[in-house]
Amino acid sequence: MENYRNHFVQSILAYGVQRDINIEQLCDTSGIDLKSLQKDTYIISDSQLNSLWKNAAHMTADPLFGCHFGEYSQLAALGVIGQIIQSSNTVGDALAKASSLVGLLTDMFTIKTKHSHNSFTLELVSDSKRAKQYPYIYRHMGGYLMVFTIQEMDGLLLKKIMPELVQLTELPENTSEYERLFRCNIISKGNTYLLKFSNSILETPILSANYALQQLLLQKLSTQLPGNTLSPWQNKIYQHLLSNSYLHILSLEDVAGNFNTSVRSLQRKLKEEGVTYLEIVDRVRKNLALTYLENDDHQIKDIAYTLGYNGQSAFNKAFKRWTGESPATYKIKNNR
């Protein structure tokens with residue numbers, strides 16, 4: 001039987017690499033055998049997982065590590081679980097499946113859905129004793145599930161979703177990063193984690209074509225990633241933009257927030273490496289465009305929209321700058 005918790009922990013470690021964590025040290029201090037983690041028979045206890053969340057947040061000096069991990073993740077990272085969710089017909093179906101499958105990732109929470117006349121809420125319900133016993137699982141897994149839900153609803157609908165209300169169990173004095181993550185300035189404190197949305201999105205059909213583009217991208221990532229040819233921060237941002245490409249191109253503020261740094265600090269780091277954020281964005285768009293056009297299943301106008309261009313003419317102009325030819329010509333040449 002597939003060990004979903006192990007796979008999830010491996011995803012946390014993969015994100016940790018992007019955040020400059022020494023993975024061997026993280027696993028060692030958390031009591032996790034990194035080599036054994038590759039085996040489905042290896043069982044990670046709640047105590048180990050609690051330590052992992054705690055130590056990851058400490059090593060990155062990021063109290064919102066779980067939220068930022070949720071922002072970075074995507075359904076494809078969940079394997080079979082993600083495939084089941086994205087095979088839904090509507091957003092309502094996807095949320096129902098996700099609620100039933102969350103127990104495969106964690107036994108800390110169950111998801112309870114409540115409906116009213118104009119809206120519905122998703123509430124993360126947990127046992128108070130377990131929450132006190134494993135506070136770092138509760139805090140970071142809760143944040144992860146909240147942000148991940150919003151991010152993946154974006155992918156399902158191919159547009160950014162804004163909750164009507166966000167409820168958290170603790171709030172800092174400065175809520176600006178929460179507001180960025182949750183896209184909501186109505187953030188309250190309560191006894192549980194809770195998201196409130198308009199009922200109008202429940203019956204919205206899922207745009208499966210968008211996931212086809214994602215899968216195509218994932219299949220070719222190994223050939224598109226420049227790897228060691230990029231300097232450290234260029235590579236981090238490049239991979240982060242690729243991972244979230246279905247949300248169009250993220251803003252510099254979003255990228256800086258995910259890496260728990262300021263925009264000014266990130267700009268300074270990139271300047272030291274001799275590159276600008278817009279140059280990295282341009283490179284990502286080029287590689288994505290080439291990848292998508294080499295598959296004959298996707299129309300040029302859809303690719304242009306996915307890459308965040310206002311219209312096909314703007315995409316055509318950029319593509320000719322990159323390659324010296326039009327997207328249509330390139331598509332025909334590479335799909336004979």
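## Arg 130 and Asp 107

In this predicted model, the side chains of Arg 130 and Asp 107 form a salt bridge, with 2.8 Å between the closest N and O atoms. The two residues belong to distant parts of the chain, 23 residues apart: Arg 130 is in helix α7 (residues 128-133), whereas Asp 107 is in the loop between α6 (91-101) and β1 (110-115). Asp 107 has a relative accessible area of 47% and is therefore partly exposed.

Arg 130 and Asp 107 also take part in a network of salt bridges, in which they are linked with Arg 5 and Asp 46. The model contains 12 salt bridges.

## Asp 20 and Lys 236

A further salt bridge joins Asp 20 to Lys 236, and here the closest N and O atoms lie 2.3 Å apart.

The partners have opposite surroundings. Asp 20 has a relative accessibility of 56% and so counts as exposed, because the exposed class begins over 50%. Lys 236 has a relative accessible area of 6% and is buried, since buried means under 20%.

## Arg 139 and Glu 170

Arg 139 and Glu 170 form a salt bridge whose closest N and O atoms are 3.1 Å apart. Arg 139 lies in helix α8 (residues 135-157) and Glu 170 in the loop between β3 (165-168) and α9 (176-182), so this pair ties together parts of the chain that are 31 residues apart in sequence.

Both partners are partly exposed: the relative accessible area is 33% for Arg 139 and 36% for Glu 170.

Most residues other than glycine have a negative phi. Ala 61, although not a glycine, has a positive phi of about 55°. Ala 61 is located in the loop between α3 (46-60) and α4 (65-72). With a relative accessibility of 58%, Ala 61 counts as exposed.

Asn 260 likewise has a positive phi, near 55°, and is a residue other than glycine. The loop between α12 (252-258) and α13 (263-272) holds Asn 260. The relative accessible area of Asn 260 is 34%, which means that this residue is partly exposed.

Key: Residues numbered from 1 in each chain as written. Predicted model: local features only at pLDDT ≥ 70, side-chain atom pairs only at ≥ 80, totals over all residues. Heavy atoms only, no water. Salt bridge = Lys/Arg side-chain N within 4 Å of Asp/Glu carboxyl O. Buried < 20%, exposed > 50% of the residue type's maximum accessible area, 1.4 Å probe, protein only. Helix = DSSP H or I, 4+ residues; strand = E, 2+ residues; numbered from the N terminus.
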